[in-house]
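Subject: Structure handover

Hello,

Here is the structure you will be working with. Please open it first, then read my notes below.

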Amino acid sequence: MNKKYLDLVAQKYDSEEKVITEIINLEAILNLPKGTEHFVSDLHGEYQAFQHVLRNGSGRVKEKIRDLFNGSIYEREIDELATLVYYPEEKLKLIKSRYDNVQDLGDWYKVTIERMIKLVSYASSKYTRSKLRKALPEQFAYVIEELLYKTEDAANKEEYYTKIVQQIISLNQADKLISGLAYSTQRLVVDHLHVVGDIYDRGPEPDKIMEALINYHSVDIQWGNHDALWIGAFAGSKVCLANIIRICARYDNLDIIEDVYGINLRPLLNLAEKYYQDNPAFQPKVHSDKKTSERERLQITKIHQAIAMIQFKLESPIIKRRPNFNMSERLLLEKVDFDNQEITLQGGMYPLENTCFATVDPEQPDRLLEEEQQVIDKLLFSIQHSEKLARHMKFLMKKGSLYLKYNGNLLIHGCIPLNENEEMEEMEIEGETYGGRDLLDIFEHYLRHAFSHPEETDDLATDMVWYLWTGEYSSLFGKRAMTTFERYFIEDKSTHKEVKNPYYYVRENEATCREILKEFDLDPDQGHIINGHTPVKEIEGETPIKANGKMIVIDGGFSKAYQSKTGIAGYTLLYNSYGMQLVAHTHFHSRKDVLENGTDVLSVKRLVDKELERKTVRETNVGRELYEELSILNQLREYRYMN
């Protein structure tokens, strides 16, 4: 190894004793059980349901409580303790309202603190003391450590431990301590979180999900098609920007654009008021928990039409300048007979309904009016200067990737594009042909380039981000064409159909999944593909565990828009040292329901894979990193202290 590098390492480990201590420490860590991984997907702005799943660790918190206190406390006490861990501040208020007597409340505090200390100790059993210390609330770290390492035979110190708890209660610090222990427990039951795509769109609070992830202790993200769309908008793609505003209008979530991220929609509204009227095809989807006035509904309907037409116009120049995108059949405005309100598609003629072509020049249908150009330019300037959005998008880029190889598994939101022969589909880009893993790598290269160069708005990289949203060979889209135009304007539903990539049918086959794992240099005997993107219709008998357990689909419908089709409210996956469990969730009603009734949103846990031998840190990605550190330390010892 380079001697200069070893000299730099020696600045941290400046004695043989320090080197040896760290070698012993790392070797010991390698033999600990692997931490629990928590997989979620397709959150789609549903913050309330997501944060509940995050707080309860998809059932891991209550599971730990049951294991620890099995037979020693009642079921209602288990529910109450679990809810206290999920929502400590709110639950404490409810519990304290039951006590009129200070002494009785003090007794409850003593019992609860003791139980919480035991729970933290149990949840941290496979971590080092150093890692546990980082999970403890800073202001109580010393006190908690004293209570944690209390031994059964510590008779000489019994008064000491009792006095600690009494002082905490008498100084009115019990609530803060219990809350701190609750958040420590949440952190300890899940070692690492994987978000397998689609944080944005449809639901009302993607920004709150982003804030929760930014503050989470250990997380990675595999971009979904909706995430790529937001990244593309921030990176300078006007057509991606038009898409995110259109989707927000469709789902009555424009306040995300305007109120959360501070994007001024007034110029777009002025344009919409000038050219568009009410239109049933563009009315926003109604939220059951949101009231929208008739005036607001009409404004959103007009904005929806205005931005949709800007989007359709912006798509045409990209399709024309990128023949390798193979999207010429999507030049739909050029296929419209504006006089007769008809369109020619796939050799057939279809009447158009609910049209809104007031700004379209039949001679140059993709030409933006000067007003439309000004509006989209202003919107792009605003979105690229939103401080909050910049922070969120930078985090998405820092923690995100198109796919991830982690602990022997392949995590990917969408698909690996395949042809009808189950071979890796290929795409030509700049004279080179890419397929399989190479195709995903080149897609990610262009997405990162576009993000790094937001001033380049018509370059290949920026166009490629839009292609990831809607292109035939996109690993995020996974369909032959996106029929947005047809869904708005054509009644014949046969034109609405979006043909899926063969991947979504052949992923049922174990042999296909094994070949994909090999493509990514993963062991097909041990590995799994963990997928999101396509809701699993459990209500129709579809199973999320496919290909003899090699394929696990965890998009079961966090988004309320999907739940009537799926019959559930999302899948999550847990992977600990004993194996994998898939968790199905029922609809999350409210935090109030959980607090008052102790209800949870879990339904069924299904065993995916059971480890024959308990997995240790040695067999994980973290283990490989520790091996590299050990190698460096051993070389440093030889270089510095053994010559």
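The largest cavity has a volume of about 190 Å³. A cavity is a set of points, on a 1 Å grid over the protein atoms alone, where a 1.4 Å probe fits but cannot get out. Grid points are joined across faces, edges and corners, and the volume is the space filled by probe spheres set on the points. By this rule there are 4 cavities of 30 Å³ or more.

This is a predicted model: local features need pLDDT of at least 70, side-chain atom pairs count only at pLDDT 80 or more, and totals for chains, interfaces and linings use all residues. Residues are numbered from 1 along each chain as its sequence is written, and side-chain values use heavy atoms, with hydrogens and water left out.

Back to the largest cavity. It is lined by 17 residues (lining means an atom within 4 Å of a point). Closest to the centre are Phe-312, Glu-315, Arg-330, Leu-332 and Met-482. Helix 17 (294-321), helix 21 (460-470) and helix 22 (484-489) each give two or more residues to the lining. Helices are DSSP runs of H or I with at least four residues, strands are runs of E with at least two, and both are numbered from the N terminus. Helix 17 gives the largest share, 5 residues. By class, the lining has 10 nonpolar, 5 polar and 2 charged residues. Here Ala, Val, Leu, Ile, Met, Phe, Trp, Tyr, Cys and Pro count as nonpolar, Asp, Glu, Lys and Arg as charged, and the others, Gly among them, as polar.

Next, a helix pair. Helix 19 (residues 387-399) and helix 20 (residues 436-452) pack at about 150°, with axes 12 Å apart. Axes are lines fitted to C-alpha atoms, for helices over the stretch in contact, and angles run from 0 to 180 degrees between N-to-C directions. Therefore helix 19 is roughly antiparallel to helix 20 (the term covers angles over 145 degrees). Met-393, Lys-394 and Met-397 of helix 19 meet Leu-447, Arg-448 and Phe-451 of helix 20. That contact has 4 nonpolar, no polar and 2 charged residues.

Asp-525 sits in the loop between helix 24 (510-519) and strand 12 (529-531). What does Asp-525 touch, leaving aside its neighbours within four places in sequence? Asp-525 is in contact with Arg-514 and Lys-550 (contact means heavy atoms within 4.5 Å). The C-alpha atoms of Asp-525 and Thr-512 are separated by 13 Å.

Best wishes

Technical notes
1 Å grid on protein atoms, 1.4 Å probe; cavity = no way out; pocket = protein on both sides within 12 Å on 5 of 7 lines; lining within 4 Å. Parallel < 35°, antiparallel > 145°, perpendicular 65-115°, else oblique.
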